[in-house]
Amino acid sequence: MDRFPLTTKRLVLAHVSVCQGCCCGNTANGKPAVPVEWLREEWRARGLLKRIQLSISGCLGPCDVPNVSTISNENGTQWLGGITEFHQYQLLLEWAVASRASEKLLPLPDQFREHTLHPFRNSTSDRGLVIFSAGGP
């Protein structure tokens, strides 16, 4: 495998995933809508896709928190929950546009502080994102 390292030409600043799974955005179950088409159109119109990718995903969990989103980069993943207002999605778009323009991932607006979600048991860990252990599988 050393002869064929896995790389990509499209290096991004971040990847935003917005849940539209079984619960998030399911207005039939009384959940607030996720403006999926608006997000897709604006992300494309603003030329964000090559620098800050957007995925509308299936379930991200946890399903007891409405409208979950994640923002991932080389340092880990920031989870957000309770994104229930359209203006919050507008803020997320504005943050992405500003990050792309500055060529670095900017801090999220303070309005998202109260929407920070900790979905894992050891939420006090400061070790960052661990995908593989040092010893292998």
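1. Among contacts in the protein chain between residues at least 6 apart in sequence, what percentage join residues at least 24 apart? The figure is 66%, with contact meaning heavy atoms within 4.5 Å. Before going on, some ground rules: this is a predicted model, with local features needing pLDDT of at least 70, side-chain atom pairs counting only at pLDDT 80 or more, and totals for chains, interfaces and linings using all residues. Residues are numbered from 1 along each chain as its sequence is written, and side-chain values use heavy atoms, with hydrogens and water left out.

2. Overall layout. The protein chain has two helices and five strands, in the order β-α-β-β-β-α-β along the sequence. Helices (H or I, at least four residues) and strands (E, at least two) are DSSP runs, numbered from the N terminus. Of its 137 residues, 31% count as buried; buried is under 20% relative accessible area, exposed is over 50%, and partly exposed is in between (1.4 Å probe, protein chains only).

3. The helix pair. Helix α1 (residues 36-45) and helix α2 (residues 86-102) have axes that come within 11 Å and cross at roughly 20°. That makes α1 roughly parallel to α2. For the cut-offs, angles under 35 degrees count as roughly parallel, over 145 as roughly antiparallel, 65 to 115 as roughly perpendicular and the rest as oblique. The axes are lines fitted to C-alpha atoms, for helices over the stretch in contact, and angles run from 0 to 180 degrees between N-to-C directions.

4. What the helices touch with. On the α1 side the contact is made by Trp 38, Leu 39, Glu 42 and Trp 43, and on the α2 side by Phe 86, Tyr 89, Gln 90, Leu 92, Leu 93 and Ala 96. By class, that contact has eight nonpolar, one polar and one charged residues. Here Ala, Val, Leu, Ile, Met, Phe, Trp, Tyr, Cys and Pro count as nonpolar, Asp, Glu, Lys and Arg as charged, and the others, Gly among them, as polar.

5. The cores. The largest nonpolar core has 22 residues, and Val 16, Val 18, Trp 43, Ile 52 and Ile 71 touch the most other members. A nonpolar core is a set of buried Ala, Val, Leu, Ile, Met, Phe, Trp, Tyr and Cys residues joined through side-chain atoms within 4.5 Å. For this core, β1 (14-19), α1, β2 (52-57) and α2 each supply at least two residues, and the largest share, seven residues, comes from α2. A second, separate core of six residues includes Cys 24, Val 65, Val 68 and Leu 117.

6. Backbone spots to look at. Most residues other than glycine have a negative phi, and most peptide bonds are trans. The bond from Gly 61 to Pro 62 is cis, with omega near -15°, and Pro 62 is found in the loop between β2 and β3 (69-73). Asn 67 lies in that loop too, with a positive phi near 50°, and counts as buried at 0% relative accessibility. Glu 103, in the loop between α2 and β5 (116-117), has a positive phi near 60° and counts as partly exposed at 47% relative accessibility.

7. Around Gly 81. This residue lies in the loop between β4 (76-80) and α2 and counts as buried at 7% relative accessibility. Gly 81 and Asn 67 are 14 residues apart in sequence but 5.7 Å apart in space, C-alpha to C-alpha. Leaving aside neighbours within four places in sequence, Gly 81 is in contact with Val 65, Pro 66, Asn 67, Val 68, His 115 and Leu 117.
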